[in-house]
Amino acid sequence: MSDLLRRWLRDDVGITQPVGNFEQAFASGYLLGEVMARCNLQPDFAKFSGKNTPDARINNYTRLQPSLGKIGVQLDTRTVTSLVRG
């Protein structure tokens with residue numbers, strides 16, 4: 001199943017970074033933002049940071065919150081805090 005998802009992300013979505021470990025690859029929020037942007041759901045993706053630092057995570061997940069909310073995915077402050085802490 002994970003190979004199928006990797007191929008979809010690479011071949012169909014066209015993400016720019018390879019995905020080995022999903023948890024690590026998506027931890028900063030950058031790749032989720034890229035997927036959302038490629039689906040025309042994240043208009044400010046240019047402001048995302050590809051770094052995996054607490055500041056970058058805060059930036060990325062703060063930007064993801066409204067976009068995810070529009071598609072019915074709630075991302076509350078407690079969840080963001082947990083994601084930022086790793």
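How many residues does helix 4 have, and how far does helix 4 reach from its first C-alpha to its last? In this predicted model, helix 4 covers residues 54-70, which makes 17 residues, and spans 25 Å between its end C-alphas, close to the 24 Å expected at 1.5 Å a residue.

Helix 4 does have a bend of about 30 degrees, located at Leu 64, and Pro 66 follows within four residues. Leu 64 is also one of the buried residues of this helix, along with Ala 56, Arg 57, Asn 60, Tyr 61, Ser 67 and Leu 68. What do these buried residues pack against? Their partners are helix 2 (22-26), helix 3 (30-38) and helix 5 (77-85). Just past the end of helix 4, Gly 72 adopts a positive phi of about 85 degrees.

Now to the aromatic rings: the structure holds 3 aromatic pairs. Two of them are set out here.

| Pair | Centre to centre | Angle between planes | Geometry |
|---|---|---|---|
| Phe 22 and Phe 26 | 6.4 Å | 20 degrees | stacked |
| Tyr 30 and Phe 45 | 5.0 Å | 45 degrees | tilted |

Phe 22 and Phe 26 both sit in helix 2, 4 residues apart, or about one turn of the helix. An α-helix has 3.6 residues a turn, so residues three or four places apart point the same way. Phe 22 is partly exposed, at 22% relative accessible area.

Tyr 30 is buried at 16% relative accessible area, and Phe 45 is buried at 18%. Ring pairs also bring in Phe 48, giving a cluster of Tyr 30, Phe 45 and Phe 48.

Technical notes
Residues numbered from 1 in each chain as written. Predicted model: local features only at pLDDT ≥ 70, side-chain atom pairs only at ≥ 80, totals over all residues. Heavy atoms only, no water. Helix = DSSP H or I, 4+ residues; strand = E, 2+ residues; numbered from the N terminus. Expected span 1.5 Å × (residues − 1). Bend = angle between axes of the 7 residues up to and from the residue. Buried < 20%, exposed > 50% of the residue type's maximum accessible area, 1.4 Å probe, protein only. Contact = heavy atoms within 4.5 Å. Phe/Tyr/Trp six-rings, centres within 6.5 Å; stacked < 30°, edge-to-face > 60°.
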